[in-house]
Amino acid sequence: MKVERIQTLALKQLKELPTQFIRPANERPENTKAMEGVTVPVISLSQPQDLLVKQVNEAASEWGFFLITDHGISPTLIQRLQEVGQEFFALPQNVKEAYANDPSTGSFEGYGTKMTRNLEEKVEWVDYYFHLMAPPSKVNYDMWPKSPPSYREVTQEYNKEMIKLTNKILELLSEGLALERNVLKSCLGEEEMELEMKINMYPPCPQPELALGVEPHTDMSALTLLVPNDVPGLQVWKDNKWVAVNYMQNALFVHLGDQLEVLSNGKYKSVLHRSLVNKEHRRMSWAVFVGPPNEAVIGPLPQLVNDQNPPKYSTKTYAEYRYRKFNKLPQ
């Protein structure tokens, strides 16, 4: 299946954007500008536990999104992660194509351009690399880049840090719901929780005011832990307006996804977000999606449901949820 890569298209130095990338007028960045003077929550993990629980609970309930600092992940490791990702995308095109995925056959892992097509057949200005990182029993290392040679070692090291951080954030979120700290992790499969890496690569775009890197969506995962390069572009939806997320050195972005909204019965919010692109600069991000295994049954937690707060969401397996989300069916 021949796919035109955005990176290849960008090398042609186009003056105008091909029509398949031009969003409808109501979606274009030029017509949907971000709110000025509003900043997203930034939370330092070095604070006392009670303060942390309060701040995380507020951010998760009001925004579904926050930045974390003092997270204990070495800046050198983050830098190495970014370097190996950049090196992969700098490889000759034919080398990258050896890793091409084919979502039409259900094989999402590998090198790709566009995970889903929306109804108007508009395409997003992004190439990506996607693979599973955990649990070890499900990881297929053949789907990880062999070049650069250090990719596997660096990514395995980063995966260990992501598991530690995931555990910490899920504990804080559980306590914020007045639950035992292990409750959310156990709902999501304990050690069978799946961590997926998606490296997003947004090349310079000739008319960024007309395009989107990623269209507005919520993540179907439970959590997404993301580290960007220094070119901003992420925007989150708050109070019926877009809010731009500025780059902050060594901060990680935390998105709450659909599974945590369901488990919390709507107390926590799955954040609607989108990605803009840039005329001069390449934007990249490294997103780690944390979700339950397919067979996990996810629904509002019984502890959070009563006559005053009936369940707002149906209970189903994660496999069923994913199928419905991918096929744009009601949940």
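The model is predicted, so local features need pLDDT of at least 70 and side-chain atom pairs count only at pLDDT 80 or more, while totals for chains, interfaces and linings use all residues. Residues are numbered from 1 along each chain as its sequence is written, and side-chain values use heavy atoms, with hydrogens and water left out.

Let's start with Pro228. You'll find Pro228 in strand β7, residues 223–228; strands here are DSSP runs of E with at least two residues, helices are runs of H or I with at least four, and both are numbered from the N terminus. Is Pro228 buried or exposed? Pro228 is buried, at 7% relative accessible area, where buried means under 20%, exposed over 50% and partly exposed in between, with a 1.4 Å probe and protein chains only. Setting aside neighbours within four places in sequence, Pro228 has contacts (heavy atoms within 4.5 Å) with Gln82, Tyr247, Ala251, Phe253, Met284, Ser285 and Trp286.

Now for the rings. A pair of aromatic rings is described by the distance of the centres and the angle of the planes. Rings of Phe, Tyr and Trp (its six-membered ring) pair if their centres lie within 6.5 Å; planes under 30 degrees apart are stacked, over 60 edge-to-face, and the rest tilted. How many aromatic pairs does that rule give? The count is 12. One of them joins Phe65 and Phe253, edge-to-face, with 6.0 Å centre to centre and 70° between the planes. This pair links distant parts of the chain, with Phe65 in strand β2 (residues 65–69) and Phe253 in strand β10 (residues 252–256), 188 residues apart. Phe65 is buried at 0% relative accessible area, and Phe253 is buried at 3%.

Next come Phe88 and Tyr99: their ring centres are 5.8 Å apart and their planes at 75°, so this pair is edge-to-face. Phe88 belongs to helix α3 (residues 75–89), whereas Tyr99 sits in the loop between α4 (93–97) and β3 (110–112), 11 residues apart. Phe88 is buried at 1%, and Tyr99 is buried at 12%. Phe88 and Tyr99 also belong to one aromatic cluster with Phe89, Tyr111 and Tyr129.

Last, charges over rings, which need NZ of Lys or CZ of Arg within 6 Å of the ring centre and within 35 degrees of the ring normal. Arg152 lies over the face of Tyr141, 3.6 Å from the ring centre. Lys198 lies over the face of Tyr128, at 5.0 Å from the ring centre.
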